[in-house]
Amino acid sequence: MMARSSLYVVGIFWLIFVFNSVPAYCANASAITSSIDSASITPEFLQKKIDSLNARQGLDDTTKNAVLKLYQSAQDNLNSGAQFHANITAYTASIHQAPTQTKALQKDIEQQANKLSKQKSEDFRHIPVEELEQRLILEKGKIGQLDEQINKIETDLALQNNRPMHIREETVAAQQAIETTLKKLQLPPASSESKIETDARQIYYKTLIDMRNVELKLLDVEAISQPARLELLKNSLQLLDSQKSALSPVVATIESLVFELRQQEAQKMEDALSQTEN
């Protein structure tokens, strides 16, 4: 318990460090694009820009299409940033929720193990074969549902086992994207570029940098929460396997009995037919 509490405290301090350290890129971007207030670049702001652009007369189609594309790309950046913020909230919550859920699963696993150790074979011979066949379909359906859940968790586990490497790669890529965008912001606009296109490009670059900074925060929080989430998946898989282990002997017993009874019925029919012919 002490180790888990220490890990939780370390995680919280690490989150504080992460959220206070990443915005260094943002400060640089704000200095370069001082004419554009980052806080004012909202979905509503961009929609007004697009509406104004569409209503504007006398602007050539080439420029209008280029500016529109920049505004729409800026909208995409805001949407991605909003999704990243939602994921940050979920990963942050999992830092303390996942261990609690894992503990509950471990209790269920222990109870399931005790149940399995005391499980006795059920006598199905007093049940009509038609009812047994229905019971067989039901029990196989349960196993099928468990298999679907098991396959999904195994896929998630395979992905999570590789996530630390991918997180490092994605972090480097995001940092490089920010640095590249900052360099582009420092370049003077092309002499042939209109002011409206230059402003739109600055808006796009600013939203891109903001989005990448949020992505960096997301990747850091994901890395912190990943061990707890991985442990939760492992215990979820263990419980499902245990539940399947409890059902499999039941299915095998019913399946064998149905086959035996149907064989007996077929033999009786064959014997009756032979007696009729004689």
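Start by selecting Leu208: its relative accessibility is 12%, so the residue counts as buried. Keep in mind that this is a predicted model. Leu208 sits in helix α6. Show its neighbours next. Leaving aside residues up to four places away in sequence, Leu208 touches Asn77 and Thr181. Now draw a C-alpha distance from Leu208 to Asp76. The two are 132 residues apart along the chain, and the separation reads 9.1 Å.

**Stop two: Tyr205**

Stay in helix α6, which covers residues 195–277, and pick Tyr205. Is Tyr205 buried or exposed? Its relative accessible area is 12%, under the 20% limit, so Tyr205 is buried. Which residues does Tyr205 touch, beyond those up to four places away in sequence? Select Thr181, Lys184 and Leu185 to see them. Tyr205 and Leu70 lie 135 residues apart in sequence, yet their C-alpha atoms are 9.1 Å apart in space.

**Stop three: the ring pair**

A pair of aromatic rings is described by the distance of the centres and the angle of the planes. For Tyr204 and Tyr205 the centres are 5.6 Å apart and the planes stand at 45°, so the pair is tilted. The tilted class takes in this angle because stacked needs under 30 degrees and edge-to-face needs over 60. The count of aromatic pairs comes to one.

**Stop four: Tyr91**

Move to helix α4 and select Tyr91. What does Tyr91 touch, not counting residues up to four places away in sequence? The list is Leu218, Val221, Glu222, Ser225 and Arg229. The distance is 8.4 Å, across 135 residues of sequence.

**Stop five: α3 against α4**

Colour helix α3, residues 43–55, and helix α4, residues 61–117. Two packed helices are described by the angle between their axes and the distance between the axes. Here the angle is about 165°, and the axes are 10 Å apart. Angles over 145 degrees count as roughly antiparallel, and α3 and α4 are therefore roughly antiparallel to each other. Their crossing is left-handed.

Now show side chains at this contact. On the α3 side, select Pro43, Leu46, Gln47, Lys49, Ile50, Leu53 and Asn54. On the α4 side, select Lys64, Val67, Leu68, Tyr71, Gln72, Ala74, Gln75 and Leu78. Colour the set by class: nine are nonpolar, four polar and two charged.

**Last stop: the whole chain**

Zoom out and switch to cartoon. How many helices and strands does the chain have? There are six helices and zero strands. Trace the chain along its sequence and the pattern reads α-α-α-α-α-α. Colour by burial next. Of the 278 residues, 35% are buried. Finally, consider the contacts between residues with a separation of 6 or more. Residues 24 or more positions apart account for 91% of these. Tyr91 gives an example to return to: Glu222 is among the residues it touches.

Key:
Residues are numbered from 1 along each chain as its sequence is written. This is a predicted model: local features need pLDDT of at least 70, side-chain atom pairs count only at pLDDT 80 or more; totals for chains, interfaces and linings use all residues. Side-chain values use heavy atoms; hydrogens and water are left out. Axes are lines fitted to C-alpha atoms, for helices over the stretch in contact, and angles run from 0 to 180 degrees between N-to-C directions. Helices (H or I, at least four residues) and strands (E, at least two) are DSSP runs, numbered from the N terminus. Angles under 35 degrees count as roughly parallel, over 145 as roughly antiparallel, 65 to 115 as roughly perpendicular and the rest as oblique. A crossing is left-handed if the near helix is turned anticlockwise from the far one by less than a right angle, and right-handed if clockwise. Contact means heavy atoms within 4.5 Å. Ala, Val, Leu, Ile, Met, Phe, Trp, Tyr, Cys and Pro count as nonpolar, Asp, Glu, Lys and Arg as charged, and the others, Gly among them, as polar. Rings of Phe, Tyr and Trp (its six-membered ring) pair if their centres lie within 6.5 Å; planes under 30 degrees apart count as stacked, over 60 as edge-to-face and the rest as tilted. Buried means under 20% relative accessible area, exposed over 50%, partly exposed in between (1.4 Å probe, protein chains only).
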